[in-house]
Amino acid sequence: MSAIDTIRARHSVREYLNKPIGGVQLAGLRHAIIEAEQKSGLDIQLVRDNPEVFQVVARFGLVRGATASIVFCADGKDTDEAIGYWGQRIVLTAQELGLNTCWCALCSRKKSKVVLRGDKKVRIAIAVGLGKTQGSNRKTKPLSELCTVEGGSMANGASDAGARALPSWFATAMEAAQLAPTAMNAQNFHITLRADGKTVAARTTKEGAWSAIDLGIVRRNFEEAANETGADWRWE
């Protein structure tokens, strides 16, 4: 599957089959985590046989049946954007492997079997496993609220019809960003294509506890899709 097809197919899943991950799927997931750790310097751990970490209040999105989690440990919030960026790479790899995932900001940290080092604490976890379903589409904000093209037709307040005038590579990348999971599905981000047609800036539009992680997730989705088009572009 292409990057954009993987992103389109991936949805948050909260109901799992309570089956362990094994074989090629487990090997591929471990490889993705090791690669992310090596490239980012983050503390990322795959924790198996630990369903109790998701035993939290149902109204906040209780995850059921997932025995495994991908856990990010940190001693503060300084690495939040990197956590989102590299975590989403692992999420997309899991999707390619036929696994389902759900970012879980609200989890029972005291029940996690993660190995804590130094002053680090569980920052966030990702449920991973075989979903009972493949999830479903979420409501998203229109591109007119999520992006701006300097000097172009997609300025703030433009209609969605204006999205057709976006450079094709940017339109594909923005669809990927639009589909990125964010806390409470708030989508508090904005992406700007500068007047040179190559430079891209991404920012949060509302500060919150998870806004930097959200921005990292969005940047990864955008980047994966943009790079696959072969476009000549760069982050600001």
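**Close-up views of a predicted model**

**View 1. An open sheet of 4 strands, in the order 5-6-7-8.** Welcome to this predicted model; we begin with its sheet, where the pairing is mixed. At the edges stand strand 5 (147-149) and strand 8 (234-235). Each has a single partner strand, so one side of each is left without a neighbour in the sheet.

**View 2. Strand 5 beside strand 6.** Here you can follow strand 5 and strand 6 (residues 189-193) as they run parallel, joined by 3 bridges. To find your place, look for T148, which stands opposite T192 in strand 6.

**View 3. Two helices on the sheet.** Helix 5 (residues 168-178) lies across strand 5, strand 6 and strand 7 (199-204). Its direction is at about 170 degrees to strand 6. Helix 6 (residues 211-229) also packs on the sheet, where it touches strand 6, strand 7 and strand 8. The direction of helix 6 makes about 155 degrees with that of strand 7.

**View 4. The largest pocket, with a volume of about 810 Å³.** In this view, 35 residues line the pocket, and those nearest its centre are A105, T182, A183, M184 and N185. Strand 3 (100-104) and helix 6 are the elements that give two or more residues to this lining.

**View 5. The residues that line the largest pocket, by type.** Looking around the lining, you will find 21 nonpolar residues, along with 8 polar and 6 charged ones.

Terms used
Residues are numbered from 1 along each chain as its sequence is written. This is a predicted model: local features need pLDDT of at least 70, side-chain atom pairs count only at pLDDT 80 or more; totals for chains, interfaces and linings use all residues. Side-chain values use heavy atoms; hydrogens and water are left out. Two strands pair if DSSP finds at least two bridges between them. Contact means heavy atoms within 4.5 Å. Axes are lines fitted to C-alpha atoms, for helices over the stretch in contact, and angles run from 0 to 180 degrees between N-to-C directions. On a 1 Å grid over the protein atoms alone, a cavity is a set of points where a 1.4 Å probe fits but cannot get out, and a pocket is an open set with protein on both sides within 12 Å along at least five of seven lines; lining residues have an atom within 4 Å of a point. Grid points are joined across faces, edges and corners, and a volume is the space filled by probe spheres set on the points. Ala, Val, Leu, Ile, Met, Phe, Trp, Tyr, Cys and Pro count as nonpolar, Asp, Glu, Lys and Arg as charged, and the others, Gly among them, as polar.
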